[in-house]
Amino acid sequence: MLLSAAIWLQNIGLMRALRESDRGYETLLALHVSCIALFAAMILLTDLRLLHLAPRGYSVSDIVDQLRVPKRIGFLCVAACGFLMFGMKAEEYYLNIFFRIKVLLFGMVAVHALVFRPRVYNRVADLEGSAAPPLRAKAAAALSLLLWFGIVCAGRGIGYIHPPPFSHHFVLAQATRTPLDSSGDDAANMLTSDSTHSLRNEKGAHNADH
Amino acid sequence: MGENPLNVSPWTFPILEVTHIVSFAIAIGTIAIVDFRLLGLAMLRQTPGKLTADTRLWTMVSLSVALFSGLLMYSTDPDKFYLNVSFLFKIVCLILAILFHYTIHRRIVLTAASGGQAKVVACVSIALWVGVVFGGIFIEFVKEGLSFS
């Protein structure tokens, strides 16, 4: 079910256009990493402040409240690029173990937000003062750092897994270039035994690109 | 010629890469916070000068780690890199970005300049660092040789 959703996603017009574009994937990846470079340190600063580690002379509110909006904008930029990269090769990503780990970690980030946002991040006033931060704030910060570090590692790992030789989009990419079959949205139809040869050829061409 | 010890374990390169990513994210991110402040987009309760003073050590240490881990990655296969047009682009951007950061950028922040001049400096700073990242990513994707294609 998930796999067919992935195949559906990668065959909608936008994803297909991106996949067949020159340097589309590389450009999105570079934008993805650029936005990480510009915005990820805001998460680190927030968590270090909650851990009472750095920087001195800033109230919790100075950091948490003033970085909330930029962090969200940054996350949207990073996530949008990431989603497009996933979408244009959704089947390949779906089968990638590091991508699965990354999605799992994002699920844990969502749980983290559900648990700690009402208790820590939205109750900044309770955390002010020179006293040591409460345990729940330290736990929120430590878990956040751990999760985001894991997401960086898993994200880098994705590139280490080579796509399996049976990815549907290699066939479909070719089908779109054939005028006879421009309505080839149904991936299952494409995977007939007839197309096995062209599948291999497309795969070979793909490898040569890199 | 002995084998580069970095090429012995398959784990070395990924660990260097993650170290590189985390350290450049801290280096560029701390600079970007000052840039966003110069643009009037974040941390408005603090002055750009205070933000720079408080993040300077973080920037310097993480930039050093990023440079060192990058140098180690370069050493695993120098031939692959020095004849790569994207790598050369990255190095040019990096040199310009560091020079810009410790000269013009620093002066604007310290003199508490604001308005158009500060915004231009912030944009140039962000553009140079994004250029470094783009150059780094495209190393894997451009063909060997010194032409863009």
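This is a predicted model: local features need pLDDT of at least 70, side-chain atom pairs count only at pLDDT 80 or more; totals for chains, interfaces and linings use all residues.
Q: How many helices does chain A have?
A: Read along the sequence, chain A follows the pattern α-α-α-α-α-α-α-α-α-α-α. Chain A has zero strands, and its number of helices is 11.

Q: What percentage of the contacts in chain A between residues at least 6 apart in sequence join residues at least 24 apart?
A: Chain A has 210 residues, of which buried residues make up 46%. Among its contacts between residues at least 6 apart in sequence, those that join residues at least 24 apart account for 75%.

Q: What area do chain B and chain A bury between them?
A: The size of an interface is often given as the accessible area lost when the parts come together. The contact takes 34 residues from chain B and 35 residues from chain A. Carbon and sulfur atoms carry 74% of the buried area, whose total is about 2,900 Å².

Q: Which residues of chain B lose the most area to chain A?
A: Chain B and chain A bury about 2,900 Å² between them. On the chain B side, three residues that together supply 20% of what that side buries lose the most area: B:Met43, B:Arg45 and B:Phe141.

Q: Is B:Met43 buried or exposed?
A: B:Met43 lies in the loop between helix H1 (12-38) and helix H2 (48-76) of chain B. Its phi is positive, at about 55 degrees, although the residue is not a glycine. Buried means under 20% relative accessible area. The relative accessible area of B:Met43 is 3%, and therefore this residue is buried.

Q: How does A:Arg23 count at 25% relative accessibility?
A: A:Arg23 is placed in the loop between helix H2 (13-20) and helix H3 (24-50) of chain A. Its phi is near 65 degrees, a positive value in a residue other than glycine. Buried requires under 20% and exposed over 50%. At 25% relative accessibility, A:Arg23 therefore counts as partly exposed.

Q: What is the orientation of H3(A) and H1(B) to each other?
A: The axes of H3(A) and H1(B) come within 7 Å and cross at roughly 85 degrees. The contact includes A:Phe39 and A:Met42 of H3(A) and B:Phe24 and B:Phe36 of H1(B). By class, this contact of H3(A) with H1(B) has 16 nonpolar, two polar and no charged residues. Angles of 65 to 115 degrees count as roughly perpendicular, and H3(A) and H1(B) are therefore roughly perpendicular.

Q: What is the handedness of the crossing of H3(A) and H5(B)?
A: The axes of H3(A) and H5(B) come within 9 Å and cross at roughly 135 degrees, which makes H3(A) oblique to H5(B). The contact includes A:Glu26 and A:Leu38 of H3(A) and B:Phe134 and B:Phe138 of H5(B). The residues of this contact divide into 12 nonpolar, two polar and one charged. The crossing of H3(A) and H5(B) is right-handed.

Q: Within chain B, is H1(B) roughly parallel or antiparallel to H5(B)?
A: H1(B) and helix H5 (residues 116-138) of chain B pack with their axes 8 Å apart, at an angle of about 160 degrees. Angles over 145 degrees count as roughly antiparallel. H1(B) is therefore, relative to H5(B), roughly antiparallel.

Q: How many charged residues are in the contact of H1(B) with H5(B)?
A: H1(B) passes H5(B) in a left-handed crossing. The contact includes B:Phe24 and B:Asp35 of H1(B) and B:Lys119 and B:Trp129 of H5(B). Of the residues in this contact, 10 are nonpolar and one is polar, while the number of charged residues is two.

Note on methods
Residues are numbered from 1 along each chain as its sequence is written. Chains are lettered from A and ligands numbered from 1 in the order in which they are written. Side-chain values use heavy atoms; hydrogens and water are left out. Helices (H or I, at least four residues) and strands (E, at least two) are DSSP runs, numbered from the N terminus. Buried means under 20% relative accessible area, exposed over 50%, partly exposed in between (1.4 Å probe, protein chains only). Axes are lines fitted to C-alpha atoms, for helices over the stretch in contact, and angles run from 0 to 180 degrees between N-to-C directions. Angles under 35 degrees count as roughly parallel, over 145 as roughly antiparallel, 65 to 115 as roughly perpendicular and the rest as oblique. A crossing is left-handed if the near helix is turned anticlockwise from the far one by less than a right angle, and right-handed if clockwise. Contact means heavy atoms within 4.5 Å. Ala, Val, Leu, Ile, Met, Phe, Trp, Tyr, Cys and Pro count as nonpolar, Asp, Glu, Lys and Arg as charged, and the others, Gly among them, as polar. Buried area is the accessible area (1.4 Å probe) that two parts lose on being put together, summed over both.
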